[in-house]
Amino acid sequence: MRSLFTSWASTTTIPNLTLITHNPPLHFPGSFLPIKPSLPLPRITISQFSSNPRSNEDEQHPESQVEELIVPDHWLHPSKALEESEWLRVTLHKWLDDEYCPEPTNVEISEVAARSFYESLLDKQTDLGEILLKMARKLESISYQESFHGAFSSANAAVNLIAERIEQS
């Protein structure tokens with residue numbers, strides 16, 4: 001098999017020290033194809049970074065700071081918590097069916113995620129990061145052997161849907 005790149009060595013001299021690096025040739029099989037993820041992973045935070053995070057520009061441009069995503073306080077009331085968790089169950093189930101394919105695991109994922117979200121709200125947890133971690137732990141109880149998803153991708157999808165709902169309200 002022929003190399004796509006030739007072997008090369010470089011020498012870097014630093015006073016009292018000489019570094020010699022050697023990179024061996026790279027070989028790629030004939031069937032090498034780049035692998036791209038089919039779907040982007042959901043994000044749970046909104047941020048814009050500046051080159052100097054402690055500059056005075058941050059005070060003038062609040063959108064350059066990281067926005068902390070928290071659940072609205074009125075969602076912590078038991079009746080509203082139940083309403084929001086039911087919304088998550090229905091919405092996540094539909095999203096999983098649409099994004100991947102309908103499968104029985106989607107029902108279980110959406111039920112466990114909704115139950116975890118409801119418990120988090122009753123426990124007065126408002127930080128979406130904490131809600132995400134708790135939900136991922138609960139979702140690990142599901143078997144994903146016959147599924148396209150996993151506990152963390154499912155929790156990320158659920159929390160992304162929650163974040164979108166928060167932003168819309």
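Reader: In what do the side chains of Glu84 and Lys80 meet?

Author: They meet in a salt bridge, with 3.0 Å from N to O. Keep in mind that this is a predicted model. The pair sits 4 residues apart in helix α2, so about one helical turn separates Glu84 from Lys80.

Reader: Is Glu84 buried or exposed?

Author: The cut-off for buried is under 20% relative accessible area. Glu84 has 1% relative accessibility and therefore counts as buried.

Reader: Which residues are linked with Glu84 and Lys80 in a network of salt bridges?

Author: Glu83 and Arg165 join Lys80 and Glu84 in that network. Lys80 also has contacts with His74 and Trp75, leaving aside neighbours within four places in sequence. Its C-alpha atom is 9.5 Å from that of Tyr118, a residue 38 places away along the chain.

Reader: How many salt bridges does the structure hold?

Author: There are 7. One of them joins Lys94 to Asp98, with the closest N and O atoms 2.6 Å apart. Lys94 is exposed, at a relative accessible area of 54%, and Asp98 is exposed at 52%.

Reader: Where do Lys138 and Glu119 lie?

Author: First the bridge itself: the closest N and O atoms of Lys138 and Glu119 are 3.3 Å apart. Lys138 belongs to helix α4 and Glu119 to helix α3, so this pair ties together parts 19 residues apart in sequence. Lys138 is partly exposed at 35%, as is Glu119 at 28%. Among the other residues that Lys138 touches are Val112 and Ser116; the C-alpha atoms of Lys138 and Ser116 are 6.8 Å apart.

Reader: What does the side chain of Ser110 have a polar atom 2.9 Å from?

Author: The backbone oxygen of Val107. Ser110 is in helix α3 and is buried, with a relative accessible area of 1%. Beyond four places in sequence, Ser110 touches Arg89, Leu92 and His93.

Reader: Which residues touch the most other members of the largest nonpolar core?

Author: Of its 30 residues, these are Val71, Leu92, Phe117, Leu128, Met135, Leu139 and Ile162. Helices α2, α3, α4 and α5 each supply at least two residues of this core, and α5 gives the most, with 9.

Reader: What does Phe117 touch, not counting residues up to four places away in sequence?

Author: Its contacts include Val71, Met135 and Ile162, and also Trp75, Ser85, Leu88 and Ile131. Phe117 touches Glu84 as well, the partner of Lys80 in the salt bridge we began with.

Note on methods. Residues numbered from 1 in each chain as written. Predicted model: local features only at pLDDT ≥ 70, side-chain atom pairs only at ≥ 80, totals over all residues. Heavy atoms only, no water. Core = buried A, V, L, I, M, F, W, Y, C linked by side-chain atoms within 4.5 Å. Buried < 20%, exposed > 50% of the residue type's maximum accessible area, 1.4 Å probe, protein only. Contact = heavy atoms within 4.5 Å. Polar contact = N/O pair within 3.5 Å; in protein donor to acceptor, adjacent residues only side chain to side chain. Salt bridge = Lys/Arg side-chain N within 4 Å of Asp/Glu carboxyl O.
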